Amino acid sequence: MNSRALYLLPLLTLLIMAGFFGWSLMSGRDPASIGSVMVNRPAPPLNAPALRPGEPALTGDLLKTGKPVLLNFFASWCTPCLAEHPLMMRLREREGVTIIGIAWKNKPEEARAWLKKLGDPFAYAGTDFDGKLSLDWGLSGVPETYLIDANGVVRLHYHSPITERDLNETILPLLRAGK
Amino acid sequence: MLEFLLALLTTATVALLLVPLLKPRLTATARLDNDLAIYRDQLAELDRERAAGTLPEAEATAARVEIERRILVAAEQDAHETRREQSATLQRFLSPALCLAIPLIALGIYLEIGRPGLPSAPFVPHAAAPAAPNLADEIAAAKKNAAEHPDDPEALSALGEALTMEADGVVTQPAFEAFTRALRAQPGDARAIYYLGLHEAQAGDSPAALKRWRALEAQSPPEAPWLAMLRAEIARVSRESGMPVPSQDQVEAMGRLSPEERQKTIRTMVDGLAARMEANPADRDGWLRLANARKVLGDNPRASEAFAKADALKPVDGQTLVDWAEAEVRQIPPGMPPPASAVKVLERLEKAEPRNALALFYLGAASLASGDKKAAAQRWKTLLALLPADAPIRAMIEEKIKETE
């Protein structure tokens, strides 16, 4: 009897796995979404040398100006950053949003040439060549974008290039509400 | 001459390959022949030693038996190996087969991928290198040209296009500025409009892009070379932004219809909208769309109905109120005063816009019909003051004012 019950074990395992897979498919869970521990927490420090020569270094004060800001990590070698760039330009040019750009693991001269070629949407630009700053921010790659509210609390964290939908349905309403 | 050289080369190659095959083959020394030669030597030595008396007779006999036994074993093994000889048959056919196959395969490959005058393709990859300088040259040339002709829309558009290509198809800020200037220099420039729309789409403003592109599509001649790409882009951006888009087939089908058929199709579509509205009467925007469609089709009574439905959900104002009033007054037979339903709408319009000519004119007629001559005269006099001095309608209104006195 005991040994016969053992034969049911593979079947049981199969049922459990099938149940899990079925639930994964049905629940609408997005396995690609890794969530963020940064959201709704005070922003980490933002100390970075300036990207553009002659400008003061970036400090955490930039995140507590009483106005919401966007923080965008980018690199000239990153193609999704290129795709996202026109949206950043629009936010700056048409919506008047303050955007802080950080060139991540990117030679400053290359990042500057990239911005010169495409247009520069950043009110403040810093460089994080060795990637140390991004550790505090929980960065997983570029491009990533954070929305920091007027009180210096992170409200949104995008792990991917922002899209038209993100912009029109989430970012802009939040920014307008924050002003 | 070239063909002759090629044929010569082929022949030489084939000949080289055939030499080892055609050479008279060394007579295969089978293992048995070797073995037998050795054993024969051994037997001869045995005989010599026995004759010399160095080997006792008994040992000599044992050795001879042993050697003979080995000879038998060798012969047996050789019997198994004889089947290898069929490979000789293969060798007999291999040479002519290769003679034919090599030139035939070479010819086949040549016919497939080769042609006289094909540039050589050396392994060292400097074929890829010239492409990049070409684009850089193009951009430099476009920049120079645009700097020399800062008001030439052609040069500006070319510059914008080069900058866009440089950025892998992203309309950058400098490109956007070039196209904006090009469009200012030549309103209606298709290339500038296309790229400005692309810029809007990339900047997350798909509705603006689609509006711009649809206008370009409408103003383009039907044989314009860019129409196919433009329509593909309209479809792509509509799809990506989740907007409904009439399929290309639908659009083309509409274009093929005669004007009467087109009218009929449009009416069918409007009736479809009306049916949807009956099912979903709380959709105010839907009622307004229906009202406008009815008004455009000249179906003013039903347009008024639809306006009234929308108005009941939330009072209409502005241009919508004007449209409604127009739909109402177009139902009035010539020379008749407006009915009560029209008067209600016109009064609202007059309240919103006291100097609206449509409201003043028809409410004047309504006042006159209800016997309020003073109000009628006042409205028409206000209207007269608003009209330009040479308006042809002045005489008619002056006539009407006289009637009230």
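1. B:Gly364 is buried, because 25 other C-beta atoms lie within 10 Å (a residue is buried if 20 or more other C-beta atoms lie within 10 Å of its own, exposed if 12 or fewer, and partly exposed in between, with C-beta atoms placed from the backbone). The residue belongs to helix α17 (residues 357-369) of chain B; helices (H or I, at least four residues) and strands (E, at least two) are DSSP runs, numbered from the N terminus.

2. Leaving aside residues up to four places away in sequence, B:Gly364 touches B:Ala376, B:Arg379 and B:Trp380 (contact: C-beta atoms, placed from the backbone, within 7 Å). The C-alpha atoms of B:Gly364 and B:Ala375 are separated by 7.0 Å, with the two residues 11 apart along the chain.

3. The model is predicted: local features need pLDDT of at least 70, side-chain atom pairs count only at pLDDT 80 or more, and totals for chains, interfaces and linings use all residues. Residues are numbered from 1 along each chain as its sequence is written, while chains are lettered from A and ligands numbered from 1 in the order in which they are written.

4. Chain A contains an open sheet of five strands with mixed pairing, in the order β3-β2-β1-β4-β5 (two strands pair if DSSP finds at least two bridges between them). Its edge strands, β3 (124-128) and β5 (154-158) of chain A, each pair on one side only. Neighbouring strands of this sheet are turned by 15 degrees against each other on average, direction ignored (axes are lines fitted to C-alpha atoms, for helices over the stretch in contact, and angles run from 0 to 180 degrees between N-to-C directions).

5. Within chain A, β1 (residues 69-74) and β2 (residues 99-104) pair in the parallel sense over five bridges. A:Leu70 stands opposite A:Ile99 in β2(A).

6. Helix α5 (residues 164-178) of chain A lies across β4 (144-148) and β5 of chain A, running at about 160 degrees to β5(A).

Technical notes
Contact = placed C-beta atoms within 7 Å.
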